[in-house]
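Have the sequence and the 3D view open as you read.

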Amino acid sequence: MMKKFDPATKLQQLEQFGEYGEVNPSVTDAATFTFMQAQTMTDTFSGETEGCFLYSRHWNPSNKYLSDALAVMEGTEAAWVTGSGMSAITSALLHEVNSGDHILASMTTYGGTFAFLKNYLPKFNVEVTFVNTSKLEDVQKALRPNTKVIYTETVANPLLQVANIPELKKLAQTVGAKLIVDNTFTPMIISPYLLGADIVVYSMTKFINGKNDCVAGAICGDADYINSLIDVNKGTVMLLGPVLDPLRSSNILKNLYTLHIRMKQHGANAMYLAKRFEEIGIKVKYTGLPSHPEYELFKSMANEDFGFGGVLTVDLGKAEVANAVMEEMQLRGVGYLAVSLGYFKTLFSNSGKSTSSEIPETIQQEMGMSEGLIRFSVGLDNNIENTFNIIYAVLQEKGILH
Ligand code: PLP
């Protein structure tokens, strides 16, 4: 059963205007802020003054507007915006662990996240176990008394497995671990916090901003948690400093208000292509197809009417075949041979050779990632039938259709 939470309406109802009544709050182009009384500055440092800005690595009004809007969208009390998705992920993870702790992570995640978990965290004596989070019994078996975090993507990049957030939350609770969910693929469609996640992270570079003109991220959660992140003595984001530029925040805030329309159009186009690929016998994976193993699970967690997301994969078996098809699709205007996703144009890339190349080939095979896998981030095409016809012609000419 789809849930009734409507993040788009919540956002539409949010009123934020600037000092002069400007409908788009002005950009606070300042690194530091003045105080009329020295005592107020001292109180602000110890976190005791509401509504005062101290220094932009801590809070900046433009970042606060965007963070508040994201919190409304996510159903969390608060949020904090970062300079990239990776800094949101790494800060959220580092904030939870000490030397000797353990993280249980999904085997399929974005390649950069995988590399951080596998290659970087061991420097701090933090152990990471990778499991197939779709197999809840494997998750349960891998939990330890010192497990501090279960980490997963709602829809995993690029294999599109769907995480069972309510069940993962129950398992996390058995050892007092936090559930951190990367919801980059499904903003508005799925609201992980309302399903039990403690912390939701985003690469806003993707769908949320949707313009491919910047790199940005976000961390959403309880107010106490966000305040702990910016604590001047121990807060991970305050001390590592991955803050987003306020000018970018202002731009992203404006783009956020069209996110629901874009997600619906991305989803409708992806659904059309996925169905047509399946009809012509191409191996396709899409969360909106009943053939997807977690189709029912996805539906049970999704908010109504936002579709099934804009990302699908097709498996053409061999990397050379995938490359030839991608080059030809680019030449004929289907979209761009480029990494990333959530853009108004269709983007396609061979995951194993690009965004997941940090994952060793043996592990790619173990995960079930074919070398001929093309990930499509389907664009906002007004005539998707025409787009499909071009792809169909390319597939035929390359001898893939029989
Ligand atoms: N999370 C997911 C699911 C991603 O796909 C990506 C990038 O591709 C990231 C995080 C990293 O985000 P960024 O490139 O904004 O640092």
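A197 sits in the loop between α8 (192-195) and β6 (199-203), where helices (H or I, at least four residues) and strands (E, at least two) are DSSP runs numbered from the N terminus. This is a predicted model, with local features needing pLDDT of at least 70, side-chain atom pairs counting only at pLDDT 80 or more, and totals for chains, interfaces and linings using all residues. Residues are numbered from 1 along each chain as its sequence is written, and side-chain values use heavy atoms, leaving out hydrogens and water.

A197 is buried, at 3% relative accessible area; buried means under 20%, exposed over 50% and partly exposed in between, with a 1.4 Å probe and protein chains only. Leaving aside residues up to four places away in sequence, A197 touches I165, L179, V181 and P192, with contact meaning heavy atoms within 4.5 Å. V181 is 16 residues from A197 along the chain, and their C-alpha atoms are 6.4 Å apart.

Now for β4 (residues 147-153): 6 of its 7 residues are buried.

| Partner of β4 | Sense | Bridges |
|---|---|---|
| β2 (residues 102-106) | parallel | 4 bridges |
| β5 (residues 178-182) | parallel | 5 bridges |

Finally, β4, helix α7 (residues 165-174) and β5 form a right-handed β-α-β unit: with the strands pointing away from the viewer, the path from the first strand over the helix to the second runs clockwise.

Definitions and conventions
Two strands pair if DSSP finds at least two bridges between them.
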